[in-house]
Amino acid sequence: MGLAQRLLGGSHGHADHSSGGLIRRARLYEWFSAVGFGGFRRRVFDGLVALSGAKPGDEVLDIGCGTGIFSRRAARVVRPGGRVVGIDPSPPMIEYAARRALANCTFVIAGAEDLPQPDASFDLVTSSLAIHHIPPELRAKALAEAFRVLRPGGRLLIADFRPPRNRIANHLVGAVSGHAMQHNPIHELAGSVRGAGFAVTGSGDRWPRLHYLQATRP
Ligand SMILES: C[S@@+](CC[C@H](N)C(=O)[O-])C[C@H]1O[C@@H](n2cnc3c(N)ncnc32)[C@H](O)[C@@H]1O
């Protein structure tokens with residue numbers, strides 16, 4: 001387990017530490033996140049919201065919302081008429097996000113692999129920096145759930161950490177953030193998304209070390 005993961009109260013019940021697991025220390029996560037993005041966090045997340053294609057009136061589900069940064073930025077864009085629901089299995093993260101929620105934003109304790117939302121109830125499903133936190137054996141189920149809750153024609157945006165190829169930088173990521181970030185199999189994401197029934201429409205990289213993937217539910 002990496003230093004940051006220990007500090008953030010990460011837990012996963014996996015002896016091999018193959019997922020980032022739940023984050024429990026919400027305030028500390030906010031601090032790490034703000035420092036990690038070096039003062040550009042809003043700009044980076046607004047860029048991801050733009051990549052998601054969020055527009056006024058959209059109903060959005062944000063998977064692994066954590067303290068709610070993506071949900072809050074998206075909630076601004078989907079006004080008027082739209083709403084954002086953030087889900088995360090960590091109660092402290094959901095409490096933190098709910099305290100800062102905009103009027104058209106709600107937060108629910110739930111895991112991506114077992115969503116409480118009904119079929120075909122969203123126009124857009126998003127997830128930022130959270131897929132590597134879901135245990136590997138539950139990721140296919142999580143993508144199947146994202147597909148289920150999207151309306152036909154609905155969109156998916158996933159953005160996650162892209163580990164450095166440089167050996168020293170990669171080891172540093174492992175020491176600070178843990179195995180799941182160091183070995184995040186980001187190159188497998190497109191295949192897994194297609195496997196869940198989505199049509200992949202785009203992908204690319206964003207500063208700092210983010211990879212994103214856009215898809216639609218046919
Ligand atoms: C690195 S944080 C990202 C939070 C936020 N999306 C952001 O971009 O700042 C990863 C989040 O995934 C959550 N998580 C862990 N297991 C999960 C699961 N099975 N389903 C959904 N989210 C999960 C963690 O609790 C944590 O809040």
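## An enclosed helix

Helix α4 (residues 69-77) is largely enclosed by the rest of the structure, because seven of its nine residues are buried. Those buried residues are I69, F70, S71, R72, R73, A74 and A75. Buried here means under 20% relative accessible area, exposed means over 50%, and partly exposed lies in between (1.4 Å probe, protein chains only). Helices (H or I, at least four residues) and strands (E, at least two) are DSSP runs, numbered from the N terminus.

This is a predicted model, in which local features need pLDDT of at least 70 and side-chain atom pairs count only at pLDDT 80 or more, while totals for chains, interfaces and linings use all residues. Residues are numbered from 1 along each chain as its sequence is written, and side-chain values use heavy atoms, with hydrogens and water left out.

## Overall fold

The protein chain contains nine helices and seven strands. Of its 218 residues, 55% are buried. The C-alpha trace spans about 45 × 35 × 30 Å along its principal axes.

## Annotated domain

An unreviewed UniProt entry carries the annotation "domain: Methyltransferase" over residues 60-154. UniProt positions are given in the numbering used here, feature names are shortened, and annotations may be inferred rather than shown by experiment. In the model, residues 60-154 are 31% helix and 28% strand. The end C-alpha atoms of this stretch are 10 Å apart.

## Salt bridges

The structure holds 10 salt bridges. A salt bridge is counted when a side-chain nitrogen of Lys or Arg is within 4 Å of a carboxyl oxygen of Asp or Glu. In general, side chains of opposite charge can pair when their charged atoms come close. One of the bridges joins R148 and D119, at 2.7 Å from N to O. R148 lies in helix α6 (residues 139-149) and D119 in the loop between β3 (105-109) and β4 (122-128), so this pair ties together parts that are 29 residues apart in sequence. R148 is partly exposed at 23% relative accessibility, whereas D119 is exposed at 52%.

Another bridge joins D123 and R151, at 3.0 Å from N to O. Because D123 belongs to strand β4 and R151 to strand β5 (residues 150-161), the pair connects parts 28 residues apart in sequence. D123 is buried, with a relative accessible area of 18%, and R151 is partly exposed at 27%. D123 and R151 also belong to a network of salt bridges that includes E59 and R83.

R162 forms a salt bridge with D205, where the closest N and O atoms are 3.4 Å apart. R162 sits in the loop between β5 and α7 (167-177), and D205 in strand β6 (residues 199-206), so the bridge ties together parts that are 43 residues apart in sequence. R162 is partly exposed, with 21% relative accessible area. D205 is also partly exposed, with 42%.

## Cysteines

The structure holds zero disulfides, a disulfide being a pair of cysteine sulfur atoms within 2.5 Å. For C65, the nearest cysteine sulfur is that of C105, 8.6 Å away. C65 is buried, with a relative accessible area of 6%, and C105 counts as buried at 6% relative accessibility.

## Surface patch

L28, W31 and V35 form a nonpolar patch on the surface, with about 300 Å² of accessible area together. Patches are made of residues with over 30% relative accessible area and no salt bridge; like charges are joined within 9 Å, and nonpolar side chains (Val, Leu, Ile, Met, Phe, Trp, Tyr) within 5 Å. Accessible areas come from the Shrake-Rupley method with a 1.4 Å probe, and for residues only the protein chains shown count as cover. W31 is placed in helix α2 (residues 26-36) and counts as exposed at 52% relative accessibility.

## A buried valine

V44 is located in helix α3 (residues 41-52). V44 is buried, with a relative accessible area of 10%. The C-alpha atoms of V44 and N184 are separated by 20 Å, and the two residues are 140 residues apart along the chain.
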